[in-house]
Amino acid sequence: MTFDTADLVPMADAIRALSMDAVQAANSGHPGMPMGMADAATVLWSEYLRHDPAAPGWADRDRFVLSAGHGSMLIYSLLHLSGYERPTMEDIRKFRQLGSPCAGHPENFLLDGVECTTGPLGQGLAMAVGMAIAERHLNAEFGDAFVDHRTWVVAGDGCLMEGINHEAIGLAGHLKLGRLNVLWDDNAITIDGPTALSTSEDIKARYAATGWHVVECDGHDFASIRAALDEAVADERPSLIDCRTVIGKGAPNKQGTAATHGAPLGDDEIAAARDQLGWEAQPFEIPQATLDNWRKAGARGRKAHDEWHGRLTGSDRRAEFERRMAGDLPAEFGLESYIRSLIDEPQKVATRKASEMALGEINAVLPDTIGGSADLTGSNNTKAGGIGALTADDYSGRYIYYGIREFGMAAAMNGMALHGGVIPYGGTFLVFTDYCRPAIRLSALQQTRVVYVMTHDSIGLGEDGPTHQPIEHVQSLRMIPNLLVMRPADAVETAECWEIALRQKDRPSVLALTRQNLPQVRTSSEELGLSARGAYRLKSADAERRVILIATGSEVHLALECAARLEQQGIGADVVSMVCTQLFDEQDDAYRADILPDVPPGEILRVSIEAGTTFGWDRYTMTNGLRIGIDRFGASAPAEDLFAKFGFTADAIVPQITDKLNG
């Protein structure tokens, strides 16, 4: 289906009108980008994008990502005009208001058709790379009949300036993701003014150098736009479509300037724009003929959807495909038998090795997983279970060599998870969550199942020194809402943490894992799955309980040693393994009170032991408790020397406890 210019002009102007009116009503927003990209978006959505507004969850739909999320009225207009159930016109009237799904930046959990949450510039495009990876992988597994779609992105100058753009396009070019097409809103304007104020790079040459196909078009000429899109679709490489546009197109006095970027146009300029565009409809009203054309465009994908559904219905792989896309684990999946084998034959291994062992079990039976590492495969121990590399020559592989692209890796994993059908996990050193953090935050915000395998989790990594030794990282990650941060103490807890992470359909997980070997502290099969409680009593006091030792990860076995010393002095000590503070906080009052009784100060001393900052631990020790940690940077030395230097020995800790009790 194609529309002639007489139809396309008012269809595009409908986007312009809705965008300037909604921003004006909210007295807040960004009208310039949607007005400038209205023509290109109209051609894309009416003639190229394969979707079905009546079935927004259609698994084989094209994915559309508005990476320049500040121009959110572009996608809200497109969704409404195309016939999606929401946003309604009333939703658009309430743009940026409490309760409206038309948030300031698009949120994937508020509206169908919004594939990912965007606004932090560059991350939308990087997530689209992950979506394109997932599409090619699932295509290799299920074939063209089930999976054969494209990923389209609208990105602005800011998206292309951000550092993550370098990482994302390098990965996409290397993997030859030819079904990924990026429309660059090349309007040469940022908030500060012309892009010439801050950049003089040849963006098109940069993309070409990374293996992308590059094509130009006049972003306000429908025939030019079509020609560029056709060329992009035909090329086997990912494509950058340079759409030369005028920001705020249609606003006669402000178009082409930064004045349209991030502020309402004002009543006078909107009136002038209506005159220039010949737009006579009242605010938030769309002429019926124009709306009818948009609804015809929206219905264009229904036939393809019906045909696809027919193929799915007649296939013996339907159940497996639907399970994968729904994000459900196989009914028979579980690690209980593996965990029992660990209890029968205890393992003294680093938890990064324990993670590899667990992955060996997981990847062999769970085809959903796609692993990877940011150039630290041998250190993160993330390649296990016989999985092969995912490459440009073989998309069926289940392991991605991301290179030194931590941020790009994390964002791509978000995109894979949002696409559906796969469960991504990826590794680097815990200290380099600093490189990943914006994407980890979006994992949590978007409610995606992504597993971050973060090894070398403390001074225990040793000689690499303070640049690589996490101090504040675990606690700072615990502050992110809807993120599980798990620091297991041994092989059993590590396996339990993996199962917990895989069962989280709506939140990501961080596994903080050691470089150094740890003794297995869980040796009883009487009760499994204890880590799911977040914290549990690993050892009960023998003498009258006067101390509760709360430890995580590599410090749990140290807490057991301290408890034994205290018991020798007649001081009863519980040991609590605090695997995940978030999960513990979610337990009912009775359970939490049993593990950490609320008693008058002085009756029971709570002591936290973690080889990281003490910041925040008073939440569990109370202000009169004792907090053993490190509130300075580490040092370069063998791990055992560092633990001794920073006081992580029973000889150093037990006297502090007895002094506190006797104080």
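What follows is a friendly conversation about how some labels in this predicted model were reached.

Colleague: Let's begin with the sheet. Which strands form it, and in what order?

Modeller: It is an open sheet of five strands, ordered β1-β2-β3-β7-β6, and the pairing is parallel. On average, neighbouring strands are turned by 20° against each other, direction ignored.

Colleague: Why do β1 and β6 count as edges?

Modeller: β1 (63–66) and β6 (213–218) each have a single partner strand, so one side of each is left without a neighbour in the sheet.

Colleague: How do you know that β2 and β3 pair?

Modeller: Pairing asks for at least two bridges between the strands. Strand β2 (residues 151–156) and β3 have six bridges, in the parallel sense, so they qualify as a pair. One of the bridges has Gly156 with Asp185 of β3 as its partner.

Colleague: What joins β3 to β7?

Modeller: Six bridges, with the two strands running parallel. Here Asp186 has Arg244 of β7 (residues 239–244) as its bridge partner.

Colleague: And what joins β6 to β7?

Modeller: Six bridges again, also in the parallel sense.

Colleague: What makes β3 a mostly covered strand?

Modeller: Seven of the seven residues in β3 (residues 180–186) are buried. Both faces are covered: Leu180, Val182, Trp184 and Asp186 are buried on one side, and Asn181, Leu183 and Asp185 on the other.

Colleague: Why say that the buried residues of α10 line one face?

Modeller: The buried residues are Phe222, Ile225, Arg226, Ala228, Leu229 and Ala232. Seen down the helix axis, they fall within an arc of 165°, so they line one face of α10. Ala223 and Ala234 are exposed on the other side.

Colleague: What covers that buried face of α10?

Modeller: The cover includes α1, α3 (38–48), β2, β3, β6 and β7.

Colleague: What makes α27 a helix with one buried face?

Modeller: Ala650, Ile653, Val654, Ile657, Thr658 and Leu661 are its buried residues. Viewed down the axis of α27, they fall within an arc of 130°, so they line one face. The face turned away carries the exposed residues Asp651, Asp659 and Asn662. Among the elements covering the buried residues are β17 (545–551), α22 (556–568), β19 (605–609) and β20 (626–628). As for length, α27 (residues 650–662) reaches 18 Å from its first C-alpha to its last, close to the 18 Å expected.

Colleague: Why does Arg324 count as buried?

Modeller: Its relative accessibility is 1%, and the cut-off is under 20%, so Arg324 counts as buried. Arg324 sits in helix α14 (residues 318–326). Not counting residues up to four places away in sequence, Arg324 touches His137, Leu138, Glu141, Phe142, Pro367, Asp368, Gly421 and Val422.

Colleague: How far is Arg324 from Gly420, in sequence and in space?

Modeller: They are 96 residues apart in sequence and 7.4 Å apart in space, C-alpha to C-alpha.

Colleague: Are Cys243 and Cys436 buried or exposed?

Modeller: Cys243 is buried at 1% relative accessibility, and Cys436 is buried with a relative accessible area of 0%.

Methods. Residues are numbered from 1 along each chain as its sequence is written. This is a predicted model: local features need pLDDT of at least 70, side-chain atom pairs count only at pLDDT 80 or more; totals for chains, interfaces and linings use all residues. Side-chain values use heavy atoms; hydrogens and water are left out. Buried means under 20% relative accessible area, exposed over 50%, partly exposed in between (1.4 Å probe, protein chains only). Helices (H or I, at least four residues) and strands (E, at least two) are DSSP runs, numbered from the N terminus. The expected span of a helix is 1.5 Å times one less than its number of residues. The arc is that of the directions from the helix axis to the C-beta atoms. Contact means heavy atoms within 4.5 Å. Axes are lines fitted to C-alpha atoms, for helices over the stretch in contact, and angles run from 0 to 180 degrees between N-to-C directions.
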